[in-house]
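Subject: Structure handover

Hi,

Here is the structure I promised to pass on.

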Amino acid sequence: MVRRAWLSPVGVLRYPDPPSFRRRIVGHNLASVRRHGKFIFIDLDGAGDHGSVPASELLAIHLGMTGRLSLDDPEAVPPPHTHLRLLLSSGAELRLQDYRRFGRVVLGSLEELRAHRVLPVLGPEPFNGALTQRQFDAVLRRSRRPLKALLLDQSRLAGLGNIYADEACFRAGIRPTAVAAKLTPERRRRLLRAIDDTLASATERRGSSVDDYRDGFGEKGRNQEVLLVYGRAGLPCPRCHGTLVRTVVAGRTTVYCPRCQR
DNA sequence: ACCTACCTGGCC
DNA sequence: GGCCAGGTAGGT
């Protein structure tokens with residue numbers, strides 16, 4: 001149960017206002033945790049309601065570029081840029097640190113968050129078998145944008161960011177600039193498999209600590225050690241040993257191999 | 001498809 | 001000082 005909620009003055013809370021936030025979370029249990037795409041959803045329930053209707057309120061957290069969640073000793077001095085602290089009855093404190101403040105926190109019912117437009121509509125996840133090839137094909141065929149722009153569009157497909165979009169395109173042998181709707185069925189199959197492999201690798205290694213990413217235990221991931229193209233412009237392609245090229249697609253730095261990716 | 005903005009910090 | 005960075009939103 002949440003005993004006390006503390007918010008930093010600058011904060012990452014987008015909705016509702018801080019007093020409402022505190023009122024609506026203190027005394028409630030953090031009942032379950034789910035994830036969809038880059039959002040973490042924590043379902044609240046009414047503590048002491050014993051079998052009554054659950055509040056159906058949820059806490060949605062997006063870590064942005066530099067957000068970090070951790071469970072800490074409440075007595076420990078919070079690190080700089082700590083924007084949310086939830087003191088729990090378990091004795092631990094759930095903390096959100098985010099020095100760039102691109103992260104976001106919202107609290108409310110799904111309907112409410114939608115109505116206030118503080119929770120974007122998220123597309124399906126193209127991995128973990130959550131999306132059939134048929135459904136994935138339909139998404140690709142509907143878009144004449146560059147493939148990478150589509151992969152990064154969370155309203156169409158949820159979960160891929162700049163690193164894994166590049167990695168998946170490389171594994172599939174497809175240029176990030178390829179027009180999504182023009183991919184052949186064979187290439188679409190390769191792409192879905194490539195996305196799955198890319199994210200399986202990343203999650204097994206607990207993420208890519210290219211810079212300051214740390215997992216919920218404050219540990220670095222190890223996936224940055226096996227990235228094939230991201231951050232490797234000018235270096236040899238791991239497959240053909242030609243030079244990897246940097247360009248910009250959808251406003252984001254993009255690295256690919258002009259020989260292996262067509 | 002492009003800009004700009006939102007932020008801090010590391011690097012040159 | 002300028003540029004860049006894992007993300008997204010808003011405007012043209």
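**Contacts with the DNA**

In DNA strand B, a sugar or linking oxygen sits 3.3 Å from a backbone N or O atom of Tyr99. I call this a polar contact, meaning a pair of N or O atoms within 3.5 Å. Please bear in mind that this is a predicted model, where local features need pLDDT of at least 70, side-chain atom pairs count only at pLDDT 80 or more, and totals for chains, interfaces and linings use all residues. Residues are numbered from 1 along each chain as its sequence is written, chains are lettered from A and ligands numbered from 1 in the order in which they are written, and side-chain values use heavy atoms, with hydrogens and water left out.

Tyr99, Arg100 and Arg101 are among the residues surrounding DNA strand B, as are His81, Phe102, Arg145 and Pro146.

**The protein as a whole**

Chain A holds six helices and 11 strands (DSSP runs: H or I of at least four residues for helices, E of at least two for strands). Its C-alpha atoms fill a box of roughly 60 × 35 × 30 Å along the principal axes. Of its 262 residues, 46% are buried (under 20% relative accessible area, 1.4 Å probe, protein chains only).

Best wishes

Methods
Buried < 20%, exposed > 50% of the residue type's maximum accessible area, 1.4 Å probe, protein only. Near = heavy atom within 4 Å. Polar contact = N/O pair within 3.5 Å; in protein donor to acceptor, adjacent residues only side chain to side chain.
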